[in-house]
Amino acid sequence: MAWITLFATLADAEARVAVGQLFKVRLPRPPFRVILLRRADGSWRAFEDACPHKKAAFSLGGYLNGVGEVVCPLHHYAFELDTGQETTGQACPHLPMLPVEVGSDGLRLKVY
Ligand code: FES
């Protein structure tokens, strides 16, 4: 596991990432493509830009539904963003969340 700094300050992060936007980030190490999400309550979530069902990219048309779950653009499975659990009743692995930390050294992401 390693921490990667995505933004030097929280202000930088908030200036670049709109609330509710699926912000695509490329990393120099696995998982390489990540979605960073700023929620309306001020919290942040991050997860690999690959649906656990058939690996469709959330960045290619994924969206948040009315209850704040991320919906895959391919088969429209939805994933709750605290546990990563699929919520439409499909037999599908959960979507692992990547830890996000905001501190004096900016917004950081913990990757495998
Ligand atoms: S690939 Fe995402 S729901 Fe099928």
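Reply: Start with burial. In this predicted model, buried residues make up 41% of the 112 residues.

Me: What makes a residue count as buried, exposed or partly exposed?
Reply: Relative accessible area decides. Under 20% is buried, over 50% is exposed, and partly exposed lies in between.

Me: Why is Ala 56 called buried?
Reply: Ala 56 has a relative accessible area of 15%. The cut-off is under 20%, so Ala 56 is buried. Ala 56 sits in the loop between S4 and strand S5 (63-64).

Me: Which residues does Ala 56 touch, not counting residues up to four places away in sequence?
Reply: Asp 49, Ala 50, Cys 51, Cys 72 and Leu 74.

Me: How far is Ala 56 from Phe 7?
Reply: In sequence, 49 residues separate them; in space, C-alpha to C-alpha, 26 Å.

Me: Is Lys 55 buried or exposed, and how do you know?
Reply: The relative accessible area of Lys 55 is 56%. Exposed means over 50%, so Lys 55 is exposed. Lys 55 also lies in the loop between S4 and S5.

Me: Why is His 76 called partly exposed?
Reply: His 76 has 46% relative accessibility. That value falls between the 20% and 50% cut-offs, so His 76 counts as partly exposed. Its place is the loop between strand S6 (70-71) and strand S7 (78-79).

Me: What makes a set of residues a nonpolar core?
Reply: Its members are buried nonpolar residues, joined through side-chain atoms within 4.5 Å. The largest such core has 15 residues. Phe 7, Leu 27, Leu 36 and Leu 109 have the most contacts inside this core.

Me: Which strands supply at least two residues of this core each?
Reply: Strand S1 (2-7), strand S2 (23-26), strand S3 (33-38), strand S4 (44-48) and strand S9 (106-111). S9 gives the largest share, three residues.

Me: Which residues form a second, separate core?
Reply: That core has 14 residues, including Ile 35, Phe 58, Tyr 77 and Phe 79. In soluble globular proteins, nonpolar side chains tend to be buried together.

Me: What is Leu 27 in contact with, leaving aside its neighbours within four places in sequence?
Reply: Ile 4, Leu 6, Phe 32, Val 34, Leu 109 and Val 111.

Me: How do you know whether the radius of gyration agrees with a compact globule?
Reply: For 112 residues, a compact globule would have a value near 13 Å. The protein has 13 Å, so the two agree. Its C-alpha trace spans about 40 × 30 × 20 Å along the principal axes.

Me: How many helices and strands are there, and in what order?
Reply: One helix and nine strands. From the N terminus on, they run β-α-β-β-β-β-β-β-β-β.

Conventions: Residues are numbered from 1 along each chain as its sequence is written. This is a predicted model: local features need pLDDT of at least 70, side-chain atom pairs count only at pLDDT 80 or more; totals for chains, interfaces and linings use all residues. Side-chain values use heavy atoms; hydrogens and water are left out. Helices (H or I, at least four residues) and strands (E, at least two) are DSSP runs, numbered from the N terminus. The radius of gyration is taken over C-alpha atoms; the globule rule is 2.2 Å times the number of residues to the power 0.38. Buried means under 20% relative accessible area, exposed over 50%, partly exposed in between (1.4 Å probe, protein chains only). Contact means heavy atoms within 4.5 Å.
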